[in-house]
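Subject: Structure handover

Hello,

Here is the structure for you to look over. My notes on it follow below.

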Amino acid sequence: MIGIVNAKINIGLQIVRRREDGYHDLQTVFYPIGRYAGLPENPAEFCDILEVVGNADGKLNFCQAGRKVDCASEKNLVYRAARLILPEGVGCDVILDKHLPDGAGLGGGSADAAFTLRLINKEILDNRYSDKELADMALRLGADCPFFIYNRPMYGEGVGEKLTDIDLDLGGKWILVIKPAIYVSTKEAFAGICPRQGDIDLKKLPSVPLKEWQNVVKNDFEESLFPKYPLLSDIKKQIIEKGSLYAAMSGSGSSIYGIFNDYETAFECKMSFKYVPTIEGSYLLKL
């Protein structure tokens, strides 16, 4: 079985409390992006390809192609996800063709892990586990992983694992994702955070007109990271000036995205970054 793995953005990311266990409670809206990538209406190279096939040798075999991930196979989230869900003695070949950018705040690694759980559950285990059970497994791999089990717009609390559906539909819009040649570790991002109550109740985001988001829907990581990496602020400013309805950093960075009403305006903005040497990638995606 082959799965096309998409990414996500955070629409608003409010860090509201530091917990006793050292983690932080947050509030955010997760929104899947790239679900149309590679199709005729959006032939963008923005997805990972995951293949899961049962085998008779009773072993887990993992192979990766495409974008290189600098870690040993047994530490890769895909391998760890497969090892977590597979019963002892059940064989499986897992092949990951990696294209989603790393260190972008787009959840690429988390998506790969969650899709691995989903595909093995369906292809090898005949849907033994419910989505809730898969999400509980996914949380053991990373805070963003449970979202990709459901893979639909959701409001997230806790470390991101407390998920509820949110009636938010951006269908018909276009999103431009700009990935600069900057890597921001999660540890670095949280080091600059001062937890506080958010400016808006993100559960009510669907009732706020998109054109009003820019002034009230904020990613708290921008406050500390933009002064440290001025390029991030410059990218956001340029996207806004080029006609986006809303622009922000996703997750803890370093990608900046803009939501546009139409393809033509978004494409013009994309082309303005084409020859900028500090830009690692730009992706125009149908929502």
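At 65% relative accessibility, D126 counts as exposed (exposed is over 50% relative accessible area, buried under 20%, partly exposed in between; 1.4 Å probe, protein chains only). This is a predicted model, where local features need pLDDT of at least 70, side-chain atom pairs count only at pLDDT 80 or more, and totals for chains, interfaces and linings use all residues. Residues are numbered from 1 along each chain as its sequence is written, and side-chain values use heavy atoms, with hydrogens and water left out.

D126 sits in the loop between α2 and α3 (131–139). Helices are DSSP runs of H or I with at least four residues, strands are runs of E with at least two, and both are numbered from the N terminus. Phi of D126 is near 55°, a positive value in a residue other than glycine. N151 also has a positive phi, near 55°, and is not a glycine. Its place is the loop between α4 (145–150) and β7. N151 counts as buried because its relative accessibility is 11%.

There is also a cis peptide bond, between G253 and S254, with omega about 15°. S254 belongs to the loop between β10 (246–249) and β11 (256–260). For context, most residues other than glycine have a negative phi, and most peptide bonds are trans.

**A buried threonine**

T116 lies in helix α2 (residues 108–123). At 0% relative accessibility, T116 counts as buried. Its side chain reaches the backbone oxygen of D112 at 2.7 Å. That is a polar contact (a pair of N or O atoms within 3.5 Å; within protein, one must be able to donate a hydrogen and the other to accept it, and residues adjacent in sequence count only if both atoms are side-chain atoms). Leaving aside residues up to four places away in sequence, T116 touches L50, V78, A81 and A82. Contact means heavy atoms within 4.5 Å.

Two strands pair if DSSP finds at least two bridges between them. Strand β7 (residues 154–157) pairs with β8 over 4 bridges, in the antiparallel sense. G156 stands opposite L163 in β8.

Another open sheet of 4 strands runs β10-β11-β9-β12, again with antiparallel pairing. Its edges are β10 and β12 (279–286). Strand β9 (residues 174–180) and β12 run antiparallel, joined by 7 bridges. V177 stands opposite Y283 in β12. α7 packs on this sheet, touching β10 and β11, and its direction makes about 75° with that of β10. Axes are lines fitted to C-alpha atoms, for helices over the stretch in contact, and angles run from 0 to 180 degrees between N-to-C directions. Helix α9 (residues 263–271) lies across β9, β11 and β12, running at about 175° to β12.

**A helix pair**

How do α7 and α8 pack? Helix α7 (residues 221–228) and helix α8 (residues 230–241) meet at an angle of about 110°, with their axes 5 Å apart. They are therefore roughly perpendicular (65 to 115 degrees; under 35 is roughly parallel, over 145 roughly antiparallel, the rest oblique). E222, L225, F226, P227 and K228 in α7 meet P230, L232, S233 and K236 in α8.

Best regards
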